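I set out to record, entry by entry, what I looked up in this structure. The entries follow below.

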Amino acid sequence: MGWRSPVMGAAAAALLVVGMATAACSPAQQASQTAAGATANTGPLPFQLPAQSVLRSSGHKVFAHYFTPYPVSLDNKDAASDYYTRNYLSPTGESGKHAAYGGLLRDRPIGRAPISGNWQLEDMRTEVRRAAAAGLDGFTVDLLSVSSSSPNWARVKLLIQAAEQVDPGFKIVLMPDMNGLANVDAATLAAAVASVAKSPAVYHLADKRLVVSPFKAEGRTAAWWSSWMTTMRDKYGIEVALVPCFLNFGPNASAFAPISYGFSNWGNRNPAANAGLAANITKAHQLGKKWMQPVSVQDERPNQGKYDEAGNTENLRVTWNAAINGADWAQIPTWNDYSEGAQLSPSAKHGWTYLDLSSYYLTRLKTGKYPTITKDVVYVTHRVQPAAAKPTFAETKLMTLRSGSTPARDQVEVLTMLTAAATVTATIGGTAHTYSAPAGLHVQTFPLKAGTNSVSVTRNGTVTAKVTSPFTVTAKPRVQDEQYYGVTSGR
């Protein structure tokens with residue numbers, strides 16, 4: 001999707017967790033998490049999600065942004081030799097066109113063996129199942145193209161079809177991309193949107209209005225969008241509830257307010273730039289609009305030479321807390337844009353870490369309380385290189401820290417969710433650290449070292465959770481990789 005970051009203001013006070021600092025839950029949260037009478041939990045999560053009917057009955061909606069260029073598979077081949085491996089992850093892939101920055105991607109969807117039949121549709125069905133099982137309400141799908149010959153438009157239609165078949169309650173929000181559609185006229189866009197709008201899987205409000213959330217809405221004027229909405233109504237009989245997603249919310253809010261149902265922005269991806277998010281929520285509500293809060297994991301873009309310092313899971317926790325503290329909806333950009341390193345979807349390098357944590361926070365957003373922790377689980381996040389390490393592959397375009405970002409840091413984060421206090425032993429690059437972790441959600445960090453990372457949880461002499469990261473830390477990586485890898489004891 002290219003450059004999509006909003007205009008950043010001056011960095012506010014960084015919400016850093018440095019050295020071996022901790023971040024514990026509030027007393028109310030602890031009580032909620034460790035309430036007596038918790039039911040048995042045999043699943044991978046440290047808690048049981050509320051019933052899907054309970055989550056979906058909430059007025060607080062949670063969507064993840066689906067980016068069509070990166071489906072589960074591009075060629076239906078085994079992961080060891082498929083297009084991702086040969087051409088996107090390899091620094092010499094696609095005839096060396098990505099060699100300057102060590103390859104287009106640093107992560108990919110979880111691989112699979114070849115499947116028979118309509119494998120592209122089945123992959124979309126898999127993604128809908130995964131997102132729905134995690135408690136998401138749906139996807140905001142990026143409309144990069146509306147041409148009948150475009151594979152991206154074909155994937156939009158496949159995604160809608162998959163939602164219809166797997167779970168019609170899982171909703172697809174149409175998000176025209178005003179970068180990719182910069183040269184598409186209003187009539188063409190209206191015809192394309194109308195062609196899929198009648199699907200029961202495409203999101204409509206209770207009053208039947210079609211929700212449309214254009215990315216970089218300010219790429220066209222409010223008057224242009226007003227005219228487009230009139231075309232949708234008069235020619236196709238479709239009333240639109242517009243929820244523009246801005247790159248720069250503040251200067252555009254007043255102009256778009258008369259035609260909008262709600263507002264959103266693409267958001268930032270480091271804790272320092274996300275320190276003052278309440279102001280956006282307040283402004284939207286003062287204008288009488290709903291606010292869809294961006295919730296983000298991290299950001300690294302090899303082909304653009306930029307990355308953000310996410311601070312392990314800190315940025316994810318900061319943005320989820322912003323949503324919980326006043327937002328109406330949340331959008332997680334992205335589900336699967338691997339070229340931005342922003343993916344929430346289960347992946348080769350993240351596993352299920354960020355999706356699992358998001359299930360925890362979205363439960364709080366939707367129900368007003370955190371889920372009760374019913375088993376001990378530990379999540380470990382770390383880079384596989386120091387932030388300043390230079391690659392051995394001859395990259396000529398290295399990533400640098402984005403202006404205004406939280407400063408780069410080299411930390412291993414251990415995030416525990418425990419039913420009761422326990423002893424945690426974190427072995428970081430061969431050095432063991434032992435500490436007492438309280439019940440509930442707790443974060444502890446340690447300096448990154450070369451080698452392997454493992455963590456175990458012990459209570460009353462019994463190991464209740466343990467995990468060893470399969471990703472070795474080295475001071476001499478083959479290619480530069482500024483993303484945080486994630487592992488969990490739960491899966």
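**Entry 1: Helix H8 and its surroundings**

I began at the end of helix H8, which is followed by glycine 237, a residue with a positive phi near 70°. The model is a predicted one, and I read the entries accordingly.

I then looked up the extent of H8. The helix covers residues 222–236, 15 residues in total. From its first C-alpha to its last it reaches 20 Å, close to the 21 Å expected at 1.5 Å a residue.

Next I asked which residues of H8 are buried. I found Ala222, Trp224, Trp225, Trp228, Met229 and Met232. Seen down the helix axis, the buried residues of H8 fall within an arc of 160°, so they line one face of the helix. As background, I noted that an α-helix has 3.6 residues a turn, so residues three or four places apart point the same way. On the face of H8 turned away from the buried side I found the exposed residues Ala223, Asp234 and Lys235.

I also looked up what the buried residues of H8 pack against. Their partners are helix H7 (186–197), strand E5 (210–212), strand E6 (240–242) and helix H9 (253–256).

**Entry 2: Nonpolar cores**

I turned to the largest nonpolar core, which has 88 residues. Phe139, Trp225, Trp228 and Trp320 have the most contacts inside this core. For tryptophan 225, I listed the contacts other than neighbours within four places in sequence: Met178, Leu189, Pro214, Ala217, Arg220, Leu242, Phe256 and Ile259. I recorded a second, separate core of 22 residues, which includes Val380, Ala422, Leu448 and Ala465.

**Entry 3: Strands**

I looked up an open sheet of 4 strands and found the order E17-E16-E19-E20, with antiparallel pairing. Its edge strands are E17 (431–437) and E20 (462–468), each of which pairs on one side only. On average, neighbouring strands of this sheet are turned by 15° against each other, direction ignored.

How many bridges join E16 to E17? I found 7 between strand E16 (residues 422–428) and E17, and the two run antiparallel. Threonine 425 stands opposite threonine 434 in E17.

I then examined strand E18 (residues 440–447). Of its 8 residues, 7 are buried, so E18 is largely enclosed by the rest of the structure. Strand E15 (residues 411–418) runs antiparallel to E18 and is joined to it by 8 bridges. For glutamate 413, I found the bridge partner in E18 to be threonine 445.

Terms used. Residues are numbered from 1 along each chain as its sequence is written. This is a predicted model: local features need pLDDT of at least 70, side-chain atom pairs count only at pLDDT 80 or more; totals for chains, interfaces and linings use all residues. Side-chain values use heavy atoms; hydrogens and water are left out. Two strands pair if DSSP finds at least two bridges between them. Axes are lines fitted to C-alpha atoms, for helices over the stretch in contact, and angles run from 0 to 180 degrees between N-to-C directions. A nonpolar core is a set of buried Ala, Val, Leu, Ile, Met, Phe, Trp, Tyr and Cys residues joined through side-chain atoms within 4.5 Å. Buried means under 20% relative accessible area, exposed over 50%, partly exposed in between (1.4 Å probe, protein chains only). Contact means heavy atoms within 4.5 Å. The expected span of a helix is 1.5 Å times one less than its number of residues. The arc is that of the directions from the helix axis to the C-beta atoms.
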